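Me: Please examine the structure shown below and answer my questions about it in turn.

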Amino acid sequence: TNPVLIMGAGYDAAAEDASVPGTTTMGNAVLVLDAFTGDLVKQFGTDRSVPSDITLMDADFDGYVDRAYAVDVGGNIYRIDFETAFQQMFMVYEGN
(Lines give C-alpha, C1' and ligand atoms only; values in the text may rest on other atoms or scores of the structure.)
Protein backbone atom coordinates (compact mmCIF):
# COMPACT_ATOMS: atom_id res chain seq x y z
CA THR A 1 0.00 0.00 0.00
CA ASN A 2 1.07 3.58 -0.65
CA PRO A 3 2.00 6.03 2.09
CA VAL A 4 -0.77 8.43 3.11
CA LEU A 5 -1.14 12.08 4.11
CA ILE A 6 -3.37 12.85 7.09
CA MET A 7 -4.62 16.44 7.32
CA GLY A 8 -7.41 18.73 8.32
CA ALA A 9 -9.80 19.63 5.51
CA GLY A 10 -9.35 23.39 5.93
CA TYR A 11 -11.32 26.44 6.94
CA ASP A 12 -14.82 27.61 6.02
CA ALA A 13 -14.53 31.41 6.16
CA ALA A 14 -18.19 31.93 5.23
CA ALA A 15 -19.35 30.02 8.31
CA GLU A 16 -16.55 30.63 10.80
CA ASP A 17 -15.90 34.37 10.22
CA ALA A 18 -19.52 35.41 10.82
CA SER A 19 -20.24 37.14 14.14
CA VAL A 20 -22.51 34.19 14.90
CA PRO A 21 -20.92 31.05 13.34
CA GLY A 22 -23.08 29.53 10.63
CA THR A 23 -23.37 25.99 9.33
CA THR A 24 -20.01 24.66 8.20
CA THR A 25 -20.24 23.43 4.60
CA MET A 26 -16.56 22.67 3.94
CA GLY A 27 -13.41 22.00 5.92
CA ASN A 28 -15.25 19.94 8.53
CA ALA A 29 -13.27 16.71 8.22
CA VAL A 30 -9.98 14.93 8.70
CA LEU A 31 -8.73 13.60 5.37
CA VAL A 32 -6.53 10.61 4.61
CA LEU A 33 -5.06 10.94 1.10
CA ASP A 34 -2.90 8.60 -0.97
CA ALA A 35 0.49 10.36 -1.04
CA PHE A 36 1.27 9.24 -4.60
CA THR A 37 -2.06 9.77 -6.37
CA GLY A 38 -3.86 12.29 -4.16
CA ASP A 39 -6.93 10.03 -4.06
CA LEU A 40 -9.14 10.20 -0.98
CA VAL A 41 -8.60 7.04 1.08
CA LYS A 42 -10.80 7.91 4.06
CA GLN A 43 -12.70 10.92 5.39
CA PHE A 44 -13.63 11.42 9.04
CA GLY A 45 -16.36 14.05 9.51
CA THR A 46 -16.14 16.68 12.26
CA ASP A 47 -18.62 19.21 13.61
CA ARG A 48 -16.64 22.30 12.51
CA SER A 49 -13.66 23.24 10.29
CA VAL A 50 -10.26 21.60 10.89
CA PRO A 51 -7.60 24.10 9.68
CA SER A 52 -4.87 22.77 12.00
CA ASP A 53 -2.27 20.02 11.88
CA ILE A 54 -3.22 16.52 12.98
CA THR A 55 -1.11 14.93 15.73
CA LEU A 56 -0.02 11.40 14.80
CA MET A 57 1.05 8.75 17.32
CA ASP A 58 2.87 5.45 16.95
CA ALA A 59 1.94 3.92 20.33
CA ASP A 60 3.73 0.60 19.88
CA PHE A 61 6.80 1.90 17.99
CA ASP A 62 6.30 -0.37 14.98
CA GLY A 63 6.69 2.45 12.44
CA TYR A 64 2.96 2.78 11.71
CA VAL A 65 0.50 5.41 12.95
CA ASP A 66 -1.83 3.87 15.52
CA ARG A 67 -3.75 6.97 16.60
CA ALA A 68 -4.32 10.56 15.57
CA TYR A 69 -5.70 13.55 17.42
CA ALA A 70 -7.44 16.52 15.78
CA VAL A 71 -9.24 19.66 16.92
CA ASP A 72 -11.82 21.77 15.15
CA VAL A 73 -12.47 25.51 15.51
CA GLY A 74 -15.38 24.76 17.86
CA GLY A 75 -12.95 23.42 20.48
CA ASN A 76 -13.89 19.77 19.90
CA ILE A 77 -11.09 17.22 20.26
CA TYR A 78 -11.20 14.01 18.20
CA ARG A 79 -9.27 10.76 18.46
CA ILE A 80 -8.91 8.52 15.41
CA ASP A 81 -7.89 4.87 15.88
CA PHE A 82 -6.04 3.45 12.88
CA GLU A 83 -4.98 0.17 14.47
CA THR A 84 -8.42 -1.45 14.11
CA ALA A 85 -9.84 -2.67 10.83
CA PHE A 86 -12.76 -0.24 11.21
CA GLN A 87 -10.61 2.92 11.63
CA GLN A 88 -12.94 4.72 14.02
CA MET A 89 -13.08 8.34 15.08
CA PHE A 90 -14.78 9.60 18.19
CA MET A 91 -15.02 12.88 20.06
CA VAL A 92 -12.83 13.07 23.15
CA TYR A 93 -13.96 16.51 24.29
CA GLU A 94 -16.84 18.69 23.15
CA GLY A 95 -16.16 22.44 23.24
CA ASN A 96 -18.73 25.13 23.87
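Me: Which residues does Val32 touch, not counting residues up to four places away in sequence?
Reply: The model is a predicted one. Val32 is a member of the largest nonpolar core, together with residues including Ile6, Phe44 and Phe82. Not counting residues up to four places away in sequence, Val32 touches Val4, Leu5, Ile6, Asp39, Leu40, Val41, Lys42, Phe44 and Phe82.

Me: Why is β2 largely enclosed by the rest of the structure, and how many of its residues are buried?
Reply: Ala29, Leu31 and Leu33 point one way from β2, while Val30, Val32 and Asp34 point the other way, and all are buried. In a regular strand, side chains alternate between the two faces of the sheet. β2 is largely enclosed because the buried residues number 6 of the 6.

Me: Which strands stand at the edges of the sheet?
Reply: The open sheet has 3 strands in the order β1-β2-β3, with antiparallel pairing. Each edge strand has a single partner strand, so one side of it is left without a neighbour in the sheet; these strands are β1 (4-8) and β3 (40-45).

Me: Which residue in β2 is the bridge partner of Val4?
Reply: β1 and β2 (residues 29-34) run antiparallel and are joined by 5 bridges. Gly8 stands opposite Val30 in β2. For Val4, the bridge partner in β2 is Asp34.

Me: Which residue in the turn of the hairpin formed by β2 and β3 has a positive phi?
Reply: β2 and β3 pair in the antiparallel sense over 5 bridges, and Ala29 stands opposite Gly45 in β3. The hairpin has 5 residues between the two strands, and the turn residue with a positive phi, of about 80 degrees, is Gly38.

Note on methods. Residues numbered from 1 in each chain as written. Predicted model: local features only at pLDDT ≥ 70, side-chain atom pairs only at ≥ 80, totals over all residues. Heavy atoms only, no water. Pairing = 2+ DSSP bridges. Helix = DSSP H or I, 4+ residues; strand = E, 2+ residues; numbered from the N terminus. Core = buried A, V, L, I, M, F, W, Y, C linked by side-chain atoms within 4.5 Å. Buried < 20%, exposed > 50% of the residue type's maximum accessible area, 1.4 Å probe, protein only. Contact = heavy atoms within 4.5 Å.
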